[in-house]
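User: I am new to this structure and would like to look at its aromatic rings. Could you take me through them?
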Amino acid sequence: MGPEENVNDMEMHREGRGQMLAVERRNLILEKLQDERKVVVSELSTLFDVSEETIRRDLDKLDRQGLAVKSYGGAVLNENAGLDMPFNVRKKRNSREKQEIGALVSGLIQEGEHIIVDPSTTAVAVVKALKSRKKLTVISSSIEVMIELSDVSGWEVICTGGTLRENYLTLTGSRAEDVIRSFNADKVILSCKGLDREKGVTDAHEMLSRLKQAMLQSARQRILAVDHSKFGNVAFSRICELQAIDIVVTDRRPDEQWMEYFAENGIECLYDSNGQ
C-alpha cells in the first residue's frame, strides 16, 4: 500500500466513521456514480463524515484507475464500455435484471448436468437460481460462485485454480484455462461487456476473453446470459463471433433488428416476457 492510501486510511480513523476502509468508501462512491452518473465533493464529505481533501484523493485514485473522470468540484462516471468496475460494485448493478436472467437460465439446466459458469455477476445470479436442484456439477473460476455454493449438498463444485485477479474475485491464467479445457461439459453459461452484430461478443480484458474462450470450447451448448444494457456495446477484447452462441438469455425483448439477426443465424433468444 502506497503513502497516499496510508494517509487516507489514517484520516478515516481520525474522522467520524473510522471503521470504514478507504477501499470500501471508494466502492460506495462508485455505486453512487453508477446510480447518479456524477458526484460532488462537498456532498460526499458530508455523507462519509471525512474531509473534502480525503474525498479528492479518493476521486484522484478512481480517475487514475479509469473508473471516473474528475470534474470541477466532483467527478462523473467513465461510461467507456471497455472498462469494468470492481466485482462488489458490479454485482449491485441491474440486480433485478440479473435475477430475471438467472431464473430463465435455470429453466435450461437439467438435473445431473455438468455446467461451466464464468466469473461474472450474472453467473452468480444463475447459480443462486439453481440451488434448489438436487444434483449438478459446476465448474467455475469464480470465487464468488464457490462461496455461493459452499452450503449446497449433493453437488460437485470444481474450482479451476489459477491466479487471483484483483477486484474480480476470479482465478485466471493458463492454469485455469488448461483445467477448463480438460472437461467436456453439457452447457456453458457466460456473460460479457458488449454484444454487437459486427464485432461479436466482447469483454473488458484479454485475460477474461481467453478464459471464456476456453469455456466455450469445453461445452456442448453455449448460453450467453446478458442484460439489455450490453446490446450494441463493444468492449476492448473479443471473445467470439455471435454465431458461436446457441442461446441468448436477456431480461427484455431485443429490438426487431436483433430478433431478425438471431433468427437468421439460428440463435435462440429467451427473454422475460414482462420486461419493458
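User: How many aromatic pairs are there?
Analyst: In this predicted model, the count comes to four aromatic pairs. One of them joins tryptophan 258 and tyrosine 261, with 6.2 Å from centre to centre and 75° between the planes.

User: Which kind of pair do tryptophan 258 and tyrosine 261 form?

Analyst: The pair is edge-to-face, because planes over 60 degrees apart count as such.

User: Where do tryptophan 258 and tyrosine 261 sit in the helix?
Analyst: Both belong to helix H11, which covers residues 256-264. They are three residues apart, so about one helical turn separates them.

User: And what about tryptophan 258 and phenylalanine 262?
Analyst: Their ring centres are 5.5 Å apart and their planes meet at 35°, so this pair is tilted. These two residues are four apart in helix H11, again a separation of about one helical turn.

User: Are these residues buried or exposed: tryptophan 258, tyrosine 261 and phenylalanine 262?
Analyst: Tryptophan 258 is buried, at 7% relative accessible area. Tyrosine 261 is also buried, at 11%, and phenylalanine 262 is buried at 2%. Each is given this label because the cut-off for buried is under 20%.

User: Which residues form the aromatic cluster?
Analyst: One cluster is made up of Phe231, Trp258, Tyr261 and Phe262.

User: Changing topic, what lies over the face of tryptophan 258?
Analyst: Arginine 197 does, at 4.7 Å from the ring centre.

Terms used:
Residues are numbered from 1 along each chain as its sequence is written. This is a predicted model: local features need pLDDT of at least 70, side-chain atom pairs count only at pLDDT 80 or more; totals for chains, interfaces and linings use all residues. Side-chain values use heavy atoms; hydrogens and water are left out. Rings of Phe, Tyr and Trp (its six-membered ring) pair if their centres lie within 6.5 Å; planes under 30 degrees apart count as stacked, over 60 as edge-to-face and the rest as tilted. Buried means under 20% relative accessible area, exposed over 50%, partly exposed in between (1.4 Å probe, protein chains only). A charge sits over a ring if NZ of Lys or CZ of Arg is within 6 Å of the ring centre and within 35 degrees of the ring normal.
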